[in-house]
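Subject: Structure handover

Hello,

Here is the structure for you to look through. My notes follow below it.

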Amino acid sequence: MLVAKIVNSDTSNSLEDLKNELISKLSGKKYLLVLDDVWNNNGDEWHRLETLLKCGGRGSRVLITTRSEMVARITQTIEPFEVQGLSKDMSWSLFKRMAFKKGQELVEGSKEMELGMEVVEKCKGVPLAIKTIGRLLQERLWQSGNPQRELSRFLSSEFAKIDQNENDILPTLKLSYNHLPSHLKHCFAYCRIFPKDHIINVRELIQLWIAQGFIKCTQDKTQCVEDIGYECFINLLWRSFFQEPVRDEFGDIRTCKMHDLMHDLAISEAGLDSVIINQNVKITNGKYLHVSLVDFHFDLKTNNSLENFNIFSQQKRLRTFLLRNCEGLSFSKLKDFLSKFKCLRVLSVPSMNIEVLPKNLCELEHMRYLNLSCNSYLKVLPSSLIKLLNLQTLNLKDCKNLVKLPQNMKKLVNLRHLMIKGCDSLSEMPLQFGYISSLHTLDRFVASESSGFHELSNLINNLQGGLAIEGLRHTTNYSASKTTLKRVICEGKHDLQLLHLGWEEVDDNNNKVENDEMLLEGLQPPSSLKELFVSCFMGVRFGGWLSSLDKLVKLVLSDCKKCKYLPKLDQLHSLQELKISEVKAEYMCSSGEDDDFDTNLFFPSLVTLEIRFCSNLKWWWWKKKVDGNEFIIKSFPRLSNLQIVNCPNLTSMPLFPSIERVELMLEVSLKALEDTFQMIRRRNIHGIAAHNTQPNISLLKSIRISSILNLTSLLEGIGNLPSLESIYIINSPNLTSLLEGIDNLPSLESILIKDCSDLTSLLEGIDNLPSLESILIKNCSNLTSLLQGVDNLPSLQFVNLSNCPNLTLIPDRFSKVNKFFIEVSPL
């Protein structure tokens, strides 16, 4: 798990894969690795991690923070440093920012400042305590006309009552908890079921709160219960009960964590009603309401597992049962006593290899939340599932072999969230599915002739977040007219932010072009849409509405093999990411010919552009005639990431002077990149003033060129790239040399050259690369020498020369490099 976090990889990957990924990222590089808030005190695991981390460059460091003396002793290589609390001045500065209005100054030596300092002193320099108490006092101090009185009252009536030991900060934190309204107290204490340092999915957390009845609807009918739940979360976050919020692409908070001290407080307030059972916890014969089994290895032949299992099976008052990473416990072991949990509201059993759901599941009449995700052996849901009339959330994500949803799902009148993304075998929706009028989340709708758009049109008004409509067919035989299609997404209230329209895959000879265009026109999304994906569309042109989505941030068009005309997108002022793949259009058109065209709005926000496998694309329409003169749209003003793959005819496109990363692969013309380089070179030659407001290409950090057969030398003008950090050239057999200009790259850190059979020597001017740390050369059969200039590379740490059989002249400097590998034979 820790290795997966370090490499930021999927935890489902094998440990061996994660180890290899870690080594490839760190090998030969000097790194600083910070492991924050560590609790793992397994010495063997730390020894194995230490062995892996030794692959880094000389001077690498690992910094560990922990509240456990045991962890500090196990991991220490030097004497641990015990961090003290904030200083008096820093504590006061933080408290002022939390508690007082911006600009409200307290007079030095005043009574208000004296009382405030007394509050700060009781927080013992702990930032979390200062923030929570500051937030608690903020409303009182802002509303009161007498801050001195409020501070004095707080100190005498509330702070005076708490029993606070010298090193115990929990009583101080509890003051803030005590002032929460009752429903927020329940919401906070419920979070005790999550392990420490757990990344909490905010949307799931709100669904759990609703399932437990902590969140109630208000008299305001325009506000749904999920919105009220989100407000509760924001309230707790603002008071520092949660921390480290991570926002999604729409600006909503997606995940968060709890500080360990807050988790301790939640444990204290939840009392004996909630428990987390793991390998190190032996449960007592209590009467639990909420149970979470985490990282538990069940061996029902041992006394400990058997005892825990028997005690747990007696919990008849249970309302929450969550399983995470439990080995040795199959769902078949649980189903025998599942019907005993008559009060159960939440059941989460992901990745349990469930094949068949027990029939007695339908007896849990109070069930509100059911998570069956990642059970890839589950094929069919029992028809009795529709008896769970109180069910609000049904999570079936990544049940890859699920072929069918229960019929009569319309009887689940309280179902608000249905997640079926990743249910790849699901081919249709149940009949009368559209009658589930309470549905707010539907991440996937599988279109078919039996479940047409009239089903979707009944649901669309309440749907929020993202929706993928898949299985669209190149036919007019849907049980819906064009009029019905037109109102599917356009009419009524809707909060859709993401829409994916996916047609079924057919061969290129399919002639149902007109049908696809009519269907797409009828599926016009709301103008507030943020992200749009269209795949396998077989029409000649896209709907006219696409150019009017002025809130659109991301657009992906893929596998549209008959499309000849791409829409005008350059005036979409919010568009940040554009990806076009396998589209047969010959040119990209702009609004340059329109009378009201504003050149300052040419893709004003576009940051990422990917064009892949568009073999017919020749040029980008980027010119306009004004009074008989041709006016040129000069450049993408903000484009920083560009990838072009297998677009052999694309020779003309706008310049990209603010680029940071370029990747060109397969058959691609280098002309656009060369034109951009030349633009900067011309500006330098003509001595354009430094204060010129036009952007420049000095931001470019990475160039990756792969499988471009006509590349013979490094691009002219490359020496004007002061920020360039890496050059990767792969499978360019006609590359013979890396030419002049490379000696003017002060930031270059890494060079990778692979499968360049005509390259004979490396490198002219390489001795003037002060930041170069890594050189990797592989499968360059004609490479004979590495110039002696490499002796003057002060930062060089890693050299790998593989399968270069004619390489005979190797500089002496390489023998002194921290990581130096040479292999003459193929790997």
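Where is C374 found? C374 is in the loop between strand 10 (369-371) and strand 11 (393-395). Helices (H or I, at least four residues) and strands (E, at least two) are DSSP runs, numbered from the N terminus.

Some ground rules. This is a predicted model, where local features need pLDDT of at least 70, side-chain atom pairs count only at pLDDT 80 or more, and totals for chains, interfaces and linings use all residues. Residues are numbered from 1 along each chain as its sequence is written, and side-chain values use heavy atoms, with hydrogens and water left out.

**Backbone**

Most residues other than glycine have a negative phi. C374 has a positive phi, near 60°. C374 is partly exposed, at 36% relative accessibility. (Buried means under 20% relative accessible area, exposed over 50%, partly exposed in between, with a 1.4 Å probe and protein chains only.) S240 is not a glycine either, and its phi is positive at about 75°. S240 sits in the loop between helix 12 (225-238) and strand 4 (243-247). S240 is buried, at 9%.

**Salt bridges**

There are 13 salt bridges in the structure. (That is a side-chain nitrogen of Lys or Arg within 4 Å of a carboxyl oxygen of Asp or Glu.) One of them joins D264 and K196, with the closest N and O atoms 2.8 Å apart. D264 is in helix 13 (residues 260-270) and K196 is in the loop between helix 10 (182-190) and strand 3 (200-201), so the pair ties together parts 68 residues apart in sequence. R704 and E663 also pair, at 3.5 Å, N to O. R704 is in strand 27 (residues 702-706) and E663 in strand 26 (residues 661-668), so this pair links parts 41 residues apart in sequence. K554, E577, K579 and E610 form a network of salt bridges.

**Second largest pocket**

The second largest pocket has a volume of about 480 Å³. (On a 1 Å grid over the protein atoms alone, a pocket is an open set of points where a 1.4 Å probe fits, with protein on both sides within 12 Å along at least five of seven lines; lining residues have an atom within 4 Å of a point. Points are joined across faces, edges and corners, and the volume is the space filled by probe spheres set on them.) Its lining has 21 residues, and S24, K29, Y728, S750 and S774 lie nearest the centre. Strand 29 gives the most to this lining, with 3 residues.

Best wishes
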